[in-house]
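Please keep the sequence and the model in view while reading.

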Amino acid sequence: MRPVLLDNVNHADLRLQTRLDASWGDAASAVPTVPAEFRQMQAHFPIVFQESAGGAARFQPVALLGLFESHNQFLGPQGWQAGHLPWALERQPFLVGRDGEEWVVHVDLDSPRLSRSEGEPLFLPQGGQSALLEHRLSVLQALHLGMLGLPEFIDALLQHQLLEPMSLDVEQASGQVRRLAGYFVIDEDRLAALPGTAVAQLHEQGHWLPIAMALASLSHLPELIAREQQRERRA
């Protein structure tokens, strides 16, 4: 990775290839997400939580795009096969950096998505940002702001003991059973048992809706298992 400050002089001729490619790291079976994205995510992918190795938040919500290894079930020969492209993928190859006390936009010059001859331009001939760049930066900003607010959301989940370990046995096409573990999910029973004062507090803090979205998203687990089984049969 070679992140540098993005500007319209040094990078005036940079172009961005917008396709997704497994060789570019887009085959991940899980991608990080934030509560502000849960509404879009829950329509397509299961949202689970994994313990975080560092940072202020003790858990990181992730969207499951596959079950095992680095295989994205929604990345096919014809491109992306879901109605929402996760922000963690769409923001590539841009990332947030610091310039003193200010947050600034960096671009990874080592990214294979960048080219001088292929793809869509990042900047207009007169130096302004292209529509593509404006959109990618808006996605980056939403993801960044979501990450800043994540510790408060996770603290609320832990305060009310709303996370429970997930253990899922997946029957493969061969008949063997593999266990998917290491993730946590919203505890539906404990959520339903919360007193009205706790529900009101979560609602006032803006946490109730993303909690409900994360819980509803688990209905996509059977579909993801079916996709995994179909992939094995084709292999």
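Is arginine 2 buried, partly exposed or exposed? With a relative accessible area of 43%, arginine 2 is partly exposed, where buried stands for under 20%, exposed for over 50% and partly exposed for what lies in between, computed with a 1.4 Å probe on protein chains only.

## Basis of the model

The model is predicted, so local features need pLDDT of at least 70 and side-chain atom pairs count only at pLDDT 80 or more, whereas totals for chains, interfaces and linings use all residues. Residues are numbered from 1 along each chain as its sequence is written, and side-chain values use heavy atoms, with hydrogens and water left out.

## The three-stranded sheet

An open sheet of 3 strands runs in the order S1-S9-S8 with antiparallel pairing; strands are DSSP runs of E with at least two residues, helices are runs of H or I with at least four, both numbered from the N terminus, and two strands pair if DSSP finds at least two bridges between them. Strand S1 (3-5) and strand S8 (94-99) each have a single partner strand and stand at the edges, so one side of each lacks a neighbour in the sheet. On average, neighbouring strands are turned by 50° against each other, direction ignored.

Between S8 and strand S9 (residues 102-108) the antiparallel pairing extends over 6 bridges, and phenylalanine 94 has valine 107 in S9 as its bridge partner. Helix H3 (residues 131-159) packs on this sheet and touches S8 and S9, its direction making about 65° with that of S8; contact means heavy atoms within 4.5 Å, and axes are lines fitted to C-alpha atoms, for helices over the stretch in contact, with angles from 0 to 180 degrees between N-to-C directions.

## Helix H6 and its cover

The buried residues of helix H6 (residues 208-217) are Pro210, Ile211, Met213, Ala214, Leu215 and Ser217. Among the elements that cover them are H3, strand S13 (177-186) and helix H5 (196-204).

## Salt bridges

Counting a side-chain nitrogen of Lys or Arg within 4 Å of a carboxyl oxygen of Asp or Glu as a salt bridge, the total is 7. One of them joins arginine 2 to aspartate 110, with the closest N and O atoms 3.1 Å apart; aspartate 110 lies in the loop between S9 and strand S10 (114-115) and arginine 2 in the segment before S1, 108 residues apart.

Arginine 58 also forms a salt bridge, with aspartate 155, at 3.1 Å between the closest N and O atoms. Arginine 58 sits in the loop between S4 and strand S5 (59-64) and aspartate 155 in helix H3, so this pair ties together parts 97 residues apart in sequence.
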